[in-house]
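Grab a pencil and let's work through a few ligand exercises together. Try each task yourself before you read the solution.

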Amino acid sequence: MEESLIAVTILWSFLFVYSMLGSLDFGSGFWGMVYGKNKNTNASAIANRFLSPTWEVTNVFLVLLVVALVSFFPFATSMLGTLLLVPIGLGLILLTIRTTFMVFAHHVQKFGDMLRVTSGLTGLLIPALLVSILPITLGGFIEMENGYPQLMYGKLLSSSTTYMHILFGLSTELFLSALFLTDYAREAGDQSAFRTYRMHTIWLGPLTMVIAVLTIFTMPSEASWLVDNVGENLYGFGMSIAFFLIGYILLFVKKPNGEVGYTRWAVIAVILQYGFAIYAYGSAHLPYMVYPHLTISDGFTNPAMFYQLLIAYIIGLSILVPAFILFWRLFLKDKRYVKQE
Amino acid sequence: MDTVDLARALFGSSLGFHIIYATIGVGVPLMIIIAEVMYIIKKDKDYALMAKRWTKGFAILLAVAIASGTIVGVLMSLLFPGFMEIVGQVIALPFQIEIFAFLIEAVFMSIYLYAADRLPAWMRLVSIISVAIGAVGSAILITDAHAWMNTPAGFEMTANGEVINVDPWAAFFNPSFFVTATHVAVSAYMTVAFLIGSIAGLRLLRSSISSEERKYHQKSFMIAVYLGAFMSLATAINGHETAQMLHEYNPRKLAAAEGLFETTDYAPLSIGGWTSREKEEVLYAIEIPYALSFLAGDRFDTEVKGLNEYPEELWPPLYVHTLFNVMVGIGSVLIALSLFAIFWRHVLKKDWPGWVLALFVAGGPLALIGIEAGWCFSCIGRQPYTIVNVLKTADAATKANNVGVLFVLFISLYVVLLFVTVFVMSFYFKRNPVQKELEQRGV
Ligand code: HDD
Ligand code: HEM
Ligand code: HEM
């Protein structure tokens, strides 16, 4: 494989990991807000129990994504930085509000509600902003001014693609987090939270699918290159739909012990669903980072740097894997944590 | 202001905001380790309570450290794409490795916070030590990138601006890396020691506290005094080496720091005052003859370069002299203060009187001002370059419009967050005063 292709694959894998972790993180914040006042269910407590120890790790993955982008593709920063200054800048402000208010809410009970609502709502806005970046890379929203790219905000904000992308991002966030929390609630043996989240998963799943398909139909004419490429990658998208169906059906299958739903397997199937879709989308997007101005080979660093970075990743990850296993055991498996009152 | 100036102002203020919380994030884990170890050695429950309360405060402040760090990390790519283009080719390693330091810190911090009661004591200690290593590791690694900007190494630049012959590890181990990283680490430890001293001093000044609580605060005050004395000495000694590094690699910055215009041997050290462009000297300063030459090269006849060696458009702003003086002045004052406190206690064998405590209350904020002044000196003293002799700031900055809008938004965010963190901290600790926790512990 060409070096720039390896690099973009690694980068895309980080994006995949972050889109999963980020959806769980922001989604849990949202559910925690929705059920915060509801005394009849522990749904909020379950969401917060997952969120408390994990948000820091999730945030590091966001930073990892940015660092990997600029270190693998330094020549892309100039264009991306100029184009994305405002959307990412706003995203950072919202992210800061969310992170700090979420942590503050744990410490100041008196204002807990206000802080929780703010962090829950910003948790919806952030993914919406982040996915609105995707259409920008498809072409049609950029004009060159004295040799420098500028974003055409008016066109972007009046385009139906933008809003379909945002809807898709939001429904994905809520679907993934509801499904995951269904499983986490089962692990905690909390029936009412389990029923609540399963109910949300069941209506969100098909909705997400419908929005995904509709999004492709709203692609503007400038993005016809992508639509054509998608046509050539139908295998990946087909697998994605198949895994969605498998995961969805698993939610209804009765287990031998009488419980409804193989939730753990459903989570895995849905992760595969998104995995196939994201990689298929990624390969349809190649070789462009920003159509038609920037390709991956334009952006790529020098090979000396690339190989040192690769080695650093391998060493770093091999040190961290044991730490992650310990982390998993303590917060996602240990009944004393998961089930605490 | 044009886009370049706005970008500099926005980035500089974001860093100035981040560094407050980041410094605390580097230093507090060490304080917690000390408290945990004291608890193991002395079996005194006060130390366990200390560790617990510091951890609480840390958890609140860490959220802001992480959020603001995410801001500066991303803003750097957005605002200085020309700089990042070279970073990505030459000095990407520390940024990359830093991520692993962050992950270690984040994973073990969660373990220490949320799994402490399920872990044996030694695992607790291992967790908090890992947090401390992750924190100081991230500081050292980011400082590596900063050191490389001051003393770039590990690549060559062709006439048309292409980067060739890249050696990522030569860039990593650039000439000023070790001395600068040490300076940053010890100054952070020093600052947090004095901040703890401020808090303990403030409580001890109250006459109304119980004797139990007084004992508790005296213990934390003691830790602060000793660690503060040790770390402030280390900061000054190592700061002296940093200045010698400047003399060797970046004499232009040293000349600006000292307000020296003409190259001379037997150069005097000017303390205080204001550098005058017209008179080419530092006005109203105290001059110590020969001292600058001695500082720079350990000999009175060391030749120190003056600003006139360089064309004026390559001079940094002359007010960096003041920034440098503030840092060194605060360093000296705090060494004197902490050594004096130790002398009073162990030679005179007396309790600290109120005015010593009151001076210590000022110590923490002063140390933070020292950090801000030091960083601003280092970054502004580098101007007009972002990478010394390689890349001008004007060429590094973004060409995007709209920086002004973001500037206003971010500054408002920082102001709000400063107030909210102070509010949350004081609310939390008012709700859970030491006295209450001491009493709860009894039953
Ligand atoms: C409490 C904080 C503090 C204190 C008391 C001192 N420093 Fe410092 N100094 C820093 C905190 C700091 C810093 C904020 O951490 C800097 C900014 C950039 C860096 O590398 O460290 C710094 C930079 C810095 C530099 C510039 C390095 C560069 O630009 O590459 C020099 C020459 C010194 N220091 C020298 C000293 C001396 C001689 C001190 C004598 C007491 C001293 N510092 C005390
Ligand atoms: C020398 C001054 C600095 C020190 C001492 C410092 C230290 C720290 C510390 C202790 C944290 C919290 C770590 C954690 O728990 O994750 C942090 C967060 C962070 N810092 Fe800084 N920092 C400094 C400057 C910078 C600069 C200049 C940048 C970027 C260009 C930066 C980028 C970050 C990022 C991205 C995070 C968030 C990481 C996360 O998501 O956990 N820092 N920093
Ligand atoms: C955290 C403490 C820091 C503070 C308070 C600080 C302060 C500043 C200030 C005031 C400026 C504006 C200078 C000017 O344009 O006149 C600046 C610029 C800059 N600093 Fe720092 N700095 C810090 C740490 C760092 C570190 C660790 C790095 C390296 C990774 C760094 C990289 C930069 C860059 C790239 C610029 C913009 C380009 C330039 O103006 O040269 N800073 N900083």
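Predicted model: local features only at pLDDT ≥ 70, side-chain atom pairs only at ≥ 80, totals over all residues.

Residues are numbered from 1 along each chain as its sequence is written, chains are lettered from A and ligands numbered from 1 in the order in which they are written, and side-chain values use heavy atoms, with hydrogens and water left out.

**Exercise 1.** Find the residues that coordinate the iron atom of ligand 1, and name the geometry of the site.

Step 1: look for donors (N, O and S atoms within 2.8 Å of the metal, or 3.2 Å for Na, K and Ca; water is not among the atoms, so sites may look incomplete).

Step 2: B:His183 sits in helix α7 and B:Met327 in helix α11 of chain B, 144 residues apart. Helices here are DSSP runs (H or I, at least four residues), strands too (E, at least two), numbered from the N terminus.

Step 3: check the angles. The six donor atoms make angles of 77 to 179 degrees, and the site is octahedral (six donors, with opposite ones over 155 degrees apart and all others between 65 and 115). Ideal octahedral angles are 90 or 180 degrees.

Step 4: why does B:His183 count as buried? Because its relative accessibility is 17%, and buried means under 20% relative accessible area (1.4 Å probe, protein chains only).

**Exercise 2.** Find which side chains make polar contacts with ligand 1, and which helix gives the largest share of its shell.

Step 1: search for polar contacts, here pairs of N or O atoms within 3.5 Å. B:Lys253 has a polar side-chain atom 2.6 Å from an oxygen atom of ligand 1. For B:Ser378 the distance is 2.7 Å, and for B:Asn150 it is 3.4 Å.

Step 2: turn to the shell, meaning residues with a heavy atom within 4 Å. There are 28 residues around ligand 1, and α8(B) gives the largest share, eight residues.

**Exercise 3.** Now do ligand 3: which element gives the most to its shell?

Step 1: list some polar contacts. B:Arg8 comes within 2.4 Å of an oxygen atom of ligand 3, B:Gln383 2.9 Å and B:Thr386 3.0 Å.

Step 2: α1(B) gives the most, with six residues.

Conventions
Polar contact = N/O pair within 3.5 Å; in protein donor to acceptor, adjacent residues only side chain to side chain. Tetrahedral: all angles 85-135°; square planar, octahedral: opposite > 155°, others 65-115°. Buried < 20%, exposed > 50% of the residue type's maximum accessible area, 1.4 Å probe, protein only.
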